[in-house]
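Q: Please take a close look at the aromatic rings of this protein. Which residues form the aromatic cluster, and how are the rings of its pairs arranged?

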Amino acid sequence: MLDYRVLTFLALYDEMNYRRTAEKLNMTQPGVTHHIHYLEEYYNVKLFEYDGRTLFRTKNADRLKKFFESVKAEEVD
């Protein structure tokens, strides 16, 4: 089973907005930020960056998404 922080990452990857991700997951925006920072520290990579007020995915985020999606696809329900 995927860690709940990974599910937060996947939701943010799709939404590209911390507030909407928090609403979708029924959690706070600081909670989403905490989950992303945890993953960035754990994998020692930057996953998202801002250019002004616009959020962008990094190449590391793209790689991690592919990995997590493959793990998610292989999970047995």
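A: The following account begins with the overall fold and then turns to the aromatic rings.

The model is predicted. It shows a protein with four helices and two strands, arranged along the sequence in the pattern α-α-α-β-β-α. The radius of gyration is 12 Å, which agrees with the value near 11 Å that a compact globule of 77 residues would have. Of these 77 residues, 35% count as buried.

Within this fold, a search of the whole structure finds eight aromatic pairs. One of them joins Y38 and Y42: the ring centres lie 6.1 Å apart and the planes meet at 15 degrees, so this pair is stacked, the angle being under the limit of 30 degrees. Both residues belong to helix 3 (residues 29-43), and because they are four residues apart, about one helical turn separates them. Y38 is partly exposed, at 34% relative accessibility, whereas Y42, at 56%, counts as exposed.

A further pair consists of Y43 and F68, whose ring centres are 6.2 Å apart; their planes stand at 65 degrees, so the pair is edge-to-face. This pair links distant parts of the chain, since Y43 lies in helix 3 and F68 in helix 4 (residues 59-74), 25 residues apart. Y43 is partly exposed, with a relative accessible area of 33%, while F68 is buried, with 3%.

As for the cluster itself, F9, Y13, Y38, Y42, Y43, F48, F67 and F68 form one aromatic cluster.

Key: Residues numbered from 1 in each chain as written. Predicted model: local features only at pLDDT ≥ 70, side-chain atom pairs only at ≥ 80, totals over all residues. Heavy atoms only, no water. Rg over C-alpha atoms; globule rule 2.2 N^0.38 Å. Buried < 20%, exposed > 50% of the residue type's maximum accessible area, 1.4 Å probe, protein only. Phe/Tyr/Trp six-rings, centres within 6.5 Å; stacked < 30°, edge-to-face > 60°.
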